[in-house]
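Morning, everyone. Please look at the model on the screen while I go through it.

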Amino acid sequence: MPGFTPNFAIEYPCAGEVIDAAVFQTFADDVEAALAQVDAANAAVLQRPRGQKLLDPGQSIATTVLTTLNYTSTVYATGITDTATGFTIVSDGVYMVTLQCLDFTLVASNDYWSARILRTGTTVYQRKLFANTTPQHHMNVGGLLTCVAGDTLSSQYQWQGGGGPVTVLARFSASKVCDL
Amino acid sequence: MQTIGNHGLFCPDPQDYAAVALYMQALGEQIDAELAEQLAALEGFLSRPTAILTNAANVNIPALSASSSVYTTFAFNNAPTIIQTQVVGSTTYMTLGDPAGTVNPVTYPRGAWRFGAIARMQTTGVLDGFTTRTLRITITDDVLGSTIHGVQDNTYATAAGAPDAVNVVTTELLTGTHGVRVRATASHTNSSSGVDVLAGGLFWATYEGPTDIIEVA
């Protein structure tokens, strides 16, 4: 009766067994299978599902209109489906999702500005800041989210004030942290 | 036997051929152990300790008040032995490891941890303009008995564009030698009514990785 190693079940002969070429082949095949298992984990580490979208040149947004950001390019997308408005999740997991916005338009007045991250149409992360007419309203929003395959990630921007519309630049990223 | 390389592998010398079966067993077990260690490290990266607390329903914070017990339910936790909640008075902490005084503390991985929270806040009555909405994360070392890190986001409330929302993210280097407690505190200065933290808020922690890896070849 052959023996087996504890983790990868690599088969080896026991004392008294006839050792022929087939025994060595089985041993080598089992080592190969163990290496393949480690290779798969290594590939998963090196190729985490992640993506980044860029909105540049910016998007024109009128006062009070909660507006979905439409990105102009994909910086990268691996293991995640990029869309015009963000991403569609392919692999279930916990994701770090971040949104950086820059509204650089000088307006007559500004009551507030706000940016949101949505998962399948529902707001999950948001910041809303109080008025400032100074141009260059920077906004960073983000955090961890549980996602399942088919979930969509998108973003919205809203402001209220006089003048405008404002032009918003944005960078939207998602990166898988761990499995569910 | 001759040693090969630096992973403890070996091959037989001519005088060892009578013990080929034993050699293959030892070699197989050595390969198995080396690969198992590598696989454990890779899988550890793929499933680093992470937890997310949430509030399933709106949480009301009375006028001119604060609450450190908004997020009380785990929406996700892949490390329940080291990340738990602890209620002390009116505060719900997220704990990493065991609190002080435990004889055999549950350690957590030392290194960089990232924390964050989101609170979307809406008045339940009259909104007083220019009042603040604040969300603060505080990390306390139970052994030292002191706050080792605190960070917050705040904004001023406006009736338009509701709700008001604050969002905090921070990173802290933790030793892993004894437990720490982390709390998220939402507060406001609205005096005419209370403020709800809307359901679906999130308060989370995730292990980024060690900062002091020493590899000995």
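Chain A has one helix and 13 strands; these are DSSP runs, with helices being H or I of at least four residues and strands E of at least two, numbered from the N terminus. The order along the sequence is β-β-α-β-β-β-β-β-β-β-β-β-β-β. With a radius of gyration of 26 Å, well over the 16 Å from the globule rule for 180 residues, chain A is more spread out than a compact globule. That radius is taken over C-alpha atoms, and the rule is 2.2 Å times the number of residues to the power 0.38. The C-alpha atoms of chain A fill a box of roughly 90 × 25 × 25 Å along the principal axes.

A word on conventions. This is a predicted model, where local features need pLDDT of at least 70, side-chain atom pairs count only at pLDDT 80 or more, and totals for chains, interfaces and linings use all residues. Residues are numbered from 1 along each chain as its sequence is written, chains are lettered from A and ligands numbered from 1 in the order written, and side-chain values use heavy atoms, leaving out hydrogens and water.

Back to chain A. Of its 180 residues, 46% are buried, meaning under 20% relative accessible area with a 1.4 Å probe, protein chains only. Among contacts (heavy atoms within 4.5 Å) in chain A with a separation of 6 or more, 68% join residues 24 or more positions apart.

Last, confidence. The model scores ipTM 0.86 and pTM 0.87. Chain B has a mean pLDDT of 89, pLDDT being the predictor's confidence in each residue, from 0 to 100.

Technical notes: Buried < 20%, exposed > 50% of the residue type's maximum accessible area, 1.4 Å probe, protein only.
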